[in-house]
Amino acid sequence: MKNIFYLFFALLLIAACKKETGVTHLNGTIMLAPGPNIGYPFKNNNYSAQDSGIVTGLMKDNNLSTDGFVFYTYQSYNALDQNNQMGFFQIATAMQVRNGLPVFFEDLTFGFENGKLYGPYPAPQFIVGNIALDNKPNMSLQILRDTFIKLDNEREAQNISIGDSTLVAQLGYYNLNINQMPVGGAPEYIKAWYVHPQHSSWPGGYFRDDNGTVIWFQPFTHSGPIVP
């Protein structure tokens, strides 16, 4: 009997020490996004290994660093350029990543014509510098899920049974002064969560990691803002 007790105690200890990767509550769950490349849903659906190789080559050939960038879209096409000459255009978009976390709403697009950078490199105010914050969450997944469900229930035009859904949560950095960056404003970064259903962008919202306050939220059954 003593051996059985020790075995049961050991199993409880292991369970308590296990890293939180998902929480089940009611009939649904919430889980951590599997990496910083899932900052927003569906980003990598059409970005292939071949695309990645092409983009890496373009950046390297133009002496551009890929450090801190995670590319997620690529397209190419033929078109007339500003000199009315046929050119081969390639466009790639990347999210910026710092300390292993995505920086929300600060993605960059690079354009190339005939293999050369087309247009100027992104202005300095749009390049994220060092972020003096750690990458550890403060909010638990359970509290985050409860906060999201409560807010959605308040803002939906009708009940969509969000409590039965599988939610995905991505921790990242959010610049509270993002709207001031084009005119030279100083960034103010906080840690924040982006939460949405597993297979949809809506309902979706961004929440402060320090106190759970909603930064921006868009319900599913009636319109809302699409920018922070």
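This is a predicted model: local features need pLDDT of at least 70, side-chain atom pairs count only at pLDDT 80 or more; totals for chains, interfaces and linings use all residues.
Local features were considered at pLDDT of at least 70 and side-chain atom pairs only at pLDDT 80 or more, whereas totals for chains, interfaces and linings use all residues. Residues are numbered from 1 along each chain as its sequence is written, and side-chain values use heavy atoms, with hydrogens and water left out.

Strand β4 spans residues 86-98, strands here being DSSP runs of E of at least two residues and helices runs of H or I of at least four, both numbered from the N terminus. Of the 13 residues of β4, 10 are buried, where buried means under 20% relative accessible area, exposed over 50% and partly exposed in between, for a 1.4 Å probe and protein chains only. Strands are taken as paired if DSSP finds at least two bridges between them. By that criterion β4 pairs with strand β3 (residues 69-80) in the antiparallel sense over 11 bridges, and Met86 of β4 is the bridge partner of Leu80. Five residues lie between β3 and β4 in the hairpin that they form, and Asn84 in the turn has a positive phi of about 65 degrees.

Strand β4 also pairs with β6 (residues 108-113), again in the antiparallel sense, over six bridges; here Ala92 has Phe110 in β6 as its bridge partner. A further antiparallel pairing, of two bridges, joins β4 to strand β5 (residues 101-102), with Val97 opposite Pro102 in β5. The hairpin of β4 and β5 has two residues between the strands, and Asn99 takes a positive phi near 55 degrees.

Salt bridges were assigned where a side-chain nitrogen of Lys or Arg lies within 4 Å of a carboxyl oxygen of Asp or Glu, and the count comes to four. One of them joins the side chains of Lys191 and Asp134, at 2.5 Å from N to O. This pair links distant parts of the chain, 57 residues apart, with Lys191 in strand β9 (residues 189-197) and Asp134 in the loop between β7 (116-117) and α3 (141-155). Lys191 is buried, at a relative accessible area of 16%, while Asp134 is partly exposed, at 43%. Asp134 and Lys191 are linked with Asp209 in a network of salt bridges.

Within helix α3, Glu154 and Lys150 lie four residues apart, about one turn of the helix, and their side chains meet in a salt bridge of 2.7 Å, N to O. Glu154 is exposed at 52% relative accessibility, as is Lys150 at 53%. Arg208 forms a salt bridge with Asp210, with the closest N and O atoms 2.7 Å apart; Arg208 is partly exposed, with a relative accessible area of 21%, and Asp210 is partly exposed at 44%.
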